[in-house]
Amino acid sequence: MASEVVNILEFMDHLRKEGLVIVHRSQLLTDKDVERKELLKRKELTLTEIVRAEFFPGITDTETLRKWCLSGKIKGWRRMGNRYMVLTSELKRMVYGE
């Protein structure tokens, strides 16, 4: 297999003409990705935090998540007064399969 030499200036000019750039993967994270990453560092999250961070696309209210807790779909949770707290380990299991 023959190797091919590419002129870096031509390559960079081609990228520029096509409107393309090379960036580090960490720069591609959206604000929601960064928010989720920070939230997952904590031990547990409220249902409101889970909805706002859009861990479950399409879930726009805490009532659905509350029902999931009560039905057993979400297993790692506890109730603090009228606040439901979900363990981040449970959230990772459900969202990311960890």
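## Close-up views of a predicted model

**View 1. The largest nonpolar core.** Of its 17 residues, those touching the most other members are Ile50, Phe55, Phe56, Leu65 and Leu91. Two or more residues come from each of α3 (47-52), α4 (62-71) and β3 (83-87). Such a core is a set of buried Ala, Val, Leu, Ile, Met, Phe, Trp, Tyr and Cys residues joined through side-chain atoms within 4.5 Å; buried means under 20% relative accessible area with a 1.4 Å probe, protein chains only. Helices (H or I, at least four residues) and strands (E, at least two) are DSSP runs, numbered from the N terminus. This is a predicted model, where local features need pLDDT of at least 70 and side-chain atom pairs count only at pLDDT 80 or more, while totals for chains, interfaces and linings use all residues. Residues are numbered from 1 along each chain as its sequence is written, and side-chain values use heavy atoms, leaving out hydrogens and water.

**View 2. Around Leu65.** Not counting residues up to four places away in sequence, Leu65 touches Leu47, Ile50, Val51, Phe56, Ile59 and Ile74. Contact here means heavy atoms within 4.5 Å.

**View 3. Phe56 meets Trp68.** The ring centres lie 5.3 Å apart with planes at 85°, so this pair is edge-to-face (centres within 6.5 Å, using the six-membered ring of Trp; planes under 30 degrees apart are stacked, over 60 edge-to-face, the rest tilted). Phe56 sits in the loop between α3 and α4, and Trp68 in helix α4, 12 residues apart. Both residues are buried.

**View 4. Thr88 in helix α5.** Thr88 belongs to helix α5 (residues 88-96) and counts as buried because its relative accessibility is 6%.

How values were computed
Buried means under 20% relative accessible area, exposed over 50%, partly exposed in between (1.4 Å probe, protein chains only).
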